[in-house]
Amino acid sequence: MRIGLLGVGTVGQAVARALIERRDVLSRAAGAGLVLQRAAVRDLSRPRPLSREQLTTDPVQVARADDVDLVIELMGGEEPARGLIAAALERGKPVVTANKRVLAWHGPQLEQLAASKGVELRYEAAVGGGIPLIAPLTDDLAANRVLELRAIINGTCNYVLTRMAQGETLETALGKAQEAGYAEADPRDDIDGVDAADKLCVLVRLAFNATCTPGQLHRQGIRGLDPRDLAYGRELGYVLKLLAIARRGPGLGVEARVHPAFLPADHPLARVDGAQNAVHVVGDLCGPVMFSGLGAGGDATASAVLADVVHVARRLALGDPVPPPRDSGPDAPLIPMSEVKTRCYFRLSVDDVPGVFAQVTKVLATHEIGLASVIQREPGKLGSAEVVLFTYAAPESALAAAEAELSKLPSTRAVLARIRVEASK
Ligand code: NAP
Ligand code: HSE
């Protein structure tokens with residue numbers, strides 16, 4: 001099995017090293033000799049674990065090469081990666097990729113193309129780094145109707161939030177995540193929840209058979225979160241995480257969203273720290289199961305990439321046909337975010353005058369939002385008091401309307417934060 005590698009960066013280097021150093025082990029597992037044939041990069045002058053003759057700056061040459069049997073795409077980004085994956089599939093070459101951006105926007109079309117050519121498109125590394133996740137959702141939970149999925153699927157944000165809880169700034173923590181190789185080429189994709197939304201689309205398709213593209217999801221990242229919110233949450237027994245959430249609604253619909261959320265400190269996801277990822281799935285037969293492990297980093301991700309390579313090679317060595325894409329029935333529609341119900345945390349800066357609290361609770365009552373707990377701090381040097389409210393569940397439309405009204409109260413200086421709370425276990 002001669003392998004063509006598109007991209008020899010953080011993940012590509014780790015894959016190339018393992019293909020060279022673990023060639024015997026991998027070849028035995030695959031039932032065929034695995035050979036790293038050639039690779040494409042942008043900059044030929046940087047050191048790589050391949051000889052100069054194996055490298056090119058023209059990825060098309062690798063994707064189409066006659067002496068390449070399988071293509072691994074690890075360049076990242078939408079184009080030219082999508083076009084190169086399509087070109088390899090068109091030529092009847094199986095493709096392994098970690099590219100959630102391409103899969104989120106073009107996954108179904110590429111899977112159809114792969115099926116029409118009788119080859120596999122595999123992407124275990126695209127979500128959850130080294131955690132086996134795609135295969136379990138596709139095969140091992142197949143008997144279940146998935147009811148709910150809550151996940152920490154961006155290692156960079158989880159690493160940053162973990163360090164912010166220890167007093168570091170977002171900027172310092174992000175710099176460290178970049179140094180460790182966790183962040184995307186453009187780290188705004190991590191911080192703004194773009195990467196998590198891409199991954200959630202992939203998971204929603206597999207778990208709920210709901211076709212969605214990232215543009216349809218509600219998405220909010222961790223930019224602008226204040227360490228004070230993490231501290232207030234801690235006071236009431238909550239931990240703040242960037243969550244990707246999908247859940248079956250009462251009818252046919254599925255809700256899907258990415259945003260920061262407070263979780264009870266004893267929830268299994270609340271204990272997932274640093275670059276770890278975890279996906280908590282509730283199936284109607286299996287009940288709650290959680291997949292967890294290192295969600296980012298070269299070696300962890302290479303582990304998942306190579307699992308796919310071994311899988312493809314073994315199938316080819318045995319002459320097994322590629323199964324048709326699964327037919328899982330009609331698509332489920334996405335529930336509009338305005339209809340999604342959540343509990344909520346508000347932090348307000350208010351004048352320290354009598355009657356303020358009555359005004360605040362009146363606004364909540366007008367929108368039928370129940371109050372679960374309250375923290376009030378005495379005024380600081382600027383003379384404003386800080387009020388923190390945790391509400392019971394209410395529709396997003398009511399919470400947004402209440403936020404707008406709270407911000408207009410004469411005694412409100414600012415609504416400093418509104419963060420959703422995922423209360424159930
Ligand atoms: P990276 O470090 O930025 O590496 C990208 C590689 O692709 C580099 O070798 C780069 O060449 C090459 N490249 C980019 N554009 C090219 C072009 N037009 N022509 C030729 N070569 C090109 O990225 P990464 O972190 O390894 O991520 C790769 C993929 O894995 C992405 O889809 C990412 O989302 C995904 N992923 C990453 C992680 C992680 O922890 N890093 C985890 C899971 C999934 P140069 O080296 O010459 O610049
Ligand atoms: N930038 C991604 C993350 C890499 O931090 O999770 C893994 O997909």
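How many of the five residues of strand E1 (residues 2-6) are buried?

Author: Four of the five, so E1 is largely enclosed by the rest of the structure. Buried means under 20% relative accessible area, exposed over 50%, and partly exposed in between (1.4 Å probe, protein chains only). Strands (E, at least two residues) and helices (H or I, at least four) are DSSP runs numbered from the N terminus. Before going on: this is a predicted model, where local features need pLDDT of at least 70 and side-chain atom pairs pLDDT 80 or more, while totals for chains, interfaces and linings use all residues. Residues count from 1 along each chain as written, chains are lettered from A and ligands numbered from 1 in written order, and side-chain values use heavy atoms, without hydrogens or water.

Now, the neighbors of E1. Strands pair if DSSP finds at least two bridges between them. E1 pairs with strand E2 (residues 35-40) in the parallel sense, over five bridges, and Leu6 stands opposite Ala40 of E2. E1 also runs parallel to E4, joined to that strand by four bridges; here Gly4 has Val71 as its bridge partner.

Pro80 is joined to Glu79 by a cis peptide bond, with omega about 10°.

Let's move on to ligand 2. Some polar contacts (N or O pairs within 3.5 Å) stand out here. A nitrogen atom of ligand 2 is 2.7 Å from a polar backbone atom of Tyr182. A ligand nitrogen is also 2.7 Å from a side-chain N or O atom of Glu184, and there's a 2.7 Å contact from a ligand nitrogen to a side-chain N or O of Asp190.

Past H10, in the loop to strand E8 (218-219), comes Asn209. Asn209 isn't a glycine, yet its phi is positive, about 50°, and at 16% relative accessibility this residue counts as buried. Glu368, in the loop between helix H13 (356-366) and strand E14 (371-377), has a positive phi near 55° and isn't a glycine either. Glu368, though, is exposed, with a relative accessible area of 71%.

Key: A polar contact is a pair of N or O atoms within 3.5 Å; within protein, one must be able to donate a hydrogen and the other to accept it, and residues adjacent in sequence count only if both atoms are side-chain atoms.
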